[in-house]
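Subject: Structure handover

Hello,

Here is the structure I promised to pass on. Please open it first, then read the notes below.

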Amino acid sequence: MKELMTTELRRLNYLTSEIDSTYHQAAVKLGLSDSTMMVLYSAYNNGGSCLVSEICKISGTSRQTIHSAIRRLESEGLIELKADSGRKKQVCLTKKGIDTSKNSVKKLVELENDIMGSWTKEDQEQYLELTKRYLTALKEKIRTL
């Protein structure tokens, strides 16, 4: 029987899963659910606000899950939802949300920056370019399924 998955693909899938698992561990250590962390992380990294649709897109998390996290964060006074163009909604950190983000997701951002900063510019560019090429090719192939 022909091997269905190459060793390299197994390695890639394992590493991708391990990265996802590590972000989950970070959320737990920060006292956040995965979806709550994603909402705060997205808003914090975008200067304090981010479109709900963008959060769903970049997180790969269902709208329902993100909306549940948003409702929780709203009830805790950490974010406000504001109307954007059309039916779009913007998640905006409140003062309390900014403070909470500084004590949680900012730490994660700093760790990520430390890691990337420890790589040479060439390594950073190579990693990003190869990841982009893989993603672009994957999207294209999935369109043809």
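One definition comes first: buried means under 20% relative accessible area, exposed means over 50%, and partly exposed lies in between (1.4 Å probe, protein chains only). By that rule leucine 12 counts as partly exposed, because its relative accessibility is 31%. Leucine 12 sits in helix α1.

Some background on the source. This is a predicted model, in which local features need pLDDT of at least 70, side-chain atom pairs count only at pLDDT 80 or more, and totals for chains, interfaces and linings use all residues. Residues are numbered from 1 along each chain as its sequence is written, and side-chain values use heavy atoms, with hydrogens and water left out.

**Overall layout**

The chain has 7 helices and 3 strands. Both are DSSP runs numbered from the N terminus: helices are H or I with at least four residues, strands are E with at least two. The order from the N terminus is α-α-β-α-α-β-β-α-α-α. The C-alpha trace spans about 55 × 40 × 25 Å along its principal axes. Of the 145 residues, 26% count as buried. Take the contacts (heavy atoms within 4.5 Å). Among those between residues at least 6 apart in sequence, 49% join residues at least 24 apart.

**Surface**

The accessible surface is about 10,600 Å². Carbon and sulfur atoms account for 55% of that surface. Areas come from the Shrake-Rupley method with a 1.4 Å probe; for residues, only the protein chains shown count as cover.

Two patches turned up. Patch residues have over 30% relative accessible area and no salt bridge; like charges are joined within 9 Å, nonpolar side chains (Val, Leu, Ile, Met, Phe, Trp, Tyr) within 5 Å. A salt bridge is a side-chain nitrogen of Lys or Arg within 4 Å of a carboxyl oxygen of Asp or Glu.

- Nonpolar: Leu9, Leu12, Tyr134, Leu138, Ile142 and Leu145 make a patch of about 570 Å². Helices α1 (7-29) and α7 (121-143) each supply at least two of its residues. The most comes from α7, with 3 residues.
- Negative: Glu122, Asp123, Glu125 and Glu129 form this patch. Glutamate 129 lies in helix α7. Its relative accessible area is 40%, so glutamate 129 is partly exposed.

**One more residue**

Serine 21 is in helix α1. Serine 21 is partly exposed, because its relative accessible area is 28%. Serine 21 and glutamate 76 are 55 residues apart in sequence and 26 Å apart in space, C-alpha to C-alpha.

Best wishes

Methods
Lys, Arg positive; Asp, Glu negative; His and termini not counted. Charge placed at Lys NZ, Arg CZ, Asp CG, Glu CD.
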